[in-house]
Amino acid sequence: MKTVEIKLGVRTYPIYIGISLTHVGDYIKDKNITGKVLVITNTTVNKLYGDMVVDSITRSGFDVSITKIPDGEEYKTLDTVNGLYQVCMDNHLDRNSLIVALGGGVVGDIAGFVAATFMRGVPFMQVPTTLLSQVDSSIGGKVGVNHPESKNMIGAFYQPIMVFIDISTLKTLPEREFNSGLAEAIKYGIIRDKKYFTVLERDMTKIKALNIERVEYTVWRSCQIKKWVVELDEQETKGLRAILNYGHTIGHAIEAATNYKTYLHGEAVSIGMVCIAKIAKELKLLNSMWTHRIERILTRAELPITHKVSTNKIIEKLIFDKKVLNGKVRFVLTDGRPGRTVIKDDVPEALIRKVLEEQKV
Ligand SMILES: NC(=O)c1ccc[n+]([C@@H]2O[C@H](COP(=O)([O-])OP(=O)(O)OC[C@H]3O[C@@H](n4cnc5c(N)ncnc54)[C@H](O)[C@@H]3O)[C@@H](O)[C@H]2O)c1
């Protein structure tokens with residue numbers, strides 16, 4: 001088992017990595033929870049892990065209930081949140097209670113938002129079960145839901161009291177979802193740690209084969225890098241947290257241009273990372289050896305590096321991207337090599353078009 005601590009003063013919390021879901025209850029016992037425990041999950045994850053988690057929490061002496069939301073990003077809405085507020089009321093939750101988010105990023109974002117807002121804040125715990133949520137969304141306190149016109153538009157910064165990661169849950173995760181999470185792990189190597197990038201290159205076959213030790217290392221190192229960013233810029237006010245958007249500006253535009261139906265998030269980010277590496281190459285910020293290595297590692301992770309989307313549509317979405325500042329789109333670029341970044345808001349549209357066209361098949 002590995003631990004990473006997110007140090008945020010009174011909001012400091014541990015991430016436990018490589019521990020069985022059967023121990024969730026033991027870890028809750030160590031926290032000052034005296035009220036009810038409500039597990040929020042979805043229908044898919046409930047079938048796989050619902051009983052295991054509820055049994056564990058019951059064994060530790062808590063009064064626990066579980067509620068399921070339907071599976072899917074389309075349910076990440078205020079309507080779902082409203083339904084969950086009713087469940088909180090029916091279960092008489094109070095500020096001594098605990099909300100446990102059991103599932104991927106969708107469940108984590110929704111349950112976290114309910115916890116942040118019900119009675120102005122109830123303690124909550126993340127139990128992420130997808131690779132993406134284990135390396136990214138369960139850490140850092142961004143919680144929220146989608147607005148019909150824009151993703152993640154409604155939300156808050158609300159830190160969990162702990163993150164509990166059971167790597168073995170990844171065994172049941174569909175491979176495409178696993179690969180999507182790998183895109184975020186690779187991103188950390190590119191934005192912060194050249195050595196980690198090299199380790200991922202070396203270990204890719206083992207990681208893909210779910211070698212527990214290598215997957216645990218990958219989750220741990222990814223969490224460490226996210227920790228570094230979150231501790232320095234918890235609420236994205238200092239500009240640093242924006243580096244986590246590497247590949248995401250174009251990735252989000254690709255997702256939006258395809259109505260979120262064609263690509264999983266990590267897949268769109270993968271295409272975005274290749275595009276941004278090529279833009280960096282054109283701007284003489286990255287040499288072709290590195291762009292080639294970035295393409296290669298993503299291909300080995302079985303992630304897409306090309307797309308079939310209209311360039312005009314992607315550009316249109318880029319312009320509406322929420323990160324547009326004074327009419328300018330901000331891009332996170334590598335500066336010289338993986339591990340160093342620079343943010344630019346003056347990338348010529350013609351260059352973005354050229355690279356998007358080159359990646360189109
Ligand atoms: N809060 C943040 O900082 C942050 C960061 C990145 C992404 N996100 C959000 O995360 C969401 C995407 O998260 P995701 O990729 O985890 O998707 P997801 O939550 O939709 O999970 C993907 C699929 O895997 C299923 N699943 C989950 N765990 C499983 C398991 N162990 N075995 C089998 N199936 C399992 C889910 O039911 C779902 O069908 C998006 O809504 C995105 O906006 C949030």
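Tyr85 counts as partly exposed in this predicted model, at 22% relative accessibility, where buried means under 20% relative accessible area, exposed over 50% and partly exposed in between (1.4 Å probe, protein chains only). Phe118, with a relative accessible area of 7%, is buried. Residues are numbered from 1 along each chain as its sequence is written. Because the model is predicted, local features need pLDDT of at least 70 and side-chain atom pairs count only at pLDDT 80 or more, whereas totals for chains, interfaces and linings use all residues; side-chain values use heavy atoms, with hydrogens and water left out.

A pair of aromatic rings is described by the distance of the centres and the angle of the planes. Rings of Phe, Tyr and Trp (its six-membered ring) are paired if their centres lie within 6.5 Å; planes under 30 degrees apart count as stacked, over 60 as edge-to-face and the rest as tilted. By this rule the count comes to seven aromatic pairs. For Tyr85 and Phe118, the ring centres are 6.3 Å apart and the planes lie at 25°, so the pair is stacked. Tyr85 belongs to helix α3 (residues 78–90) and Phe118 to the loop between α4 (105–117) and β6 (124–128), so the pair ties together parts that are 33 residues apart in sequence. Helices (H or I, at least four residues) and strands (E, at least two) are DSSP runs, numbered from the N terminus. One aromatic cluster is formed by Tyr16, Tyr27 and Phe164.

Helix α6 (residues 175–192) packs with helix α8 (residues 212–232) at an angle of about 50°, the axes being 10 Å apart. Axes are lines fitted to C-alpha atoms, for helices over the stretch in contact, and angles run from 0 to 180 degrees between N-to-C directions. The two helices, α6 and α8, are therefore oblique to each other; angles under 35 degrees count as roughly parallel, over 145 as roughly antiparallel, 65 to 115 as roughly perpendicular and the rest as oblique. In the contact (heavy atoms within 4.5 Å), Ala185, Tyr188 and Arg192 of α6 meet Thr218, Ser222, Ile225, Lys226 and Trp228 of α8.

Most residues other than glycine have a negative phi. Asn152, although not a glycine, has a positive phi of about 50°. Asn152 is placed in strand β8 (residues 150–157) and, at 34% relative accessibility, counts as partly exposed. A positive phi, near 55°, is also found for Asn259, which lies in the loop between α9 (248–257) and α10 (265–282). At 53% relative accessibility, Asn259 counts as exposed.
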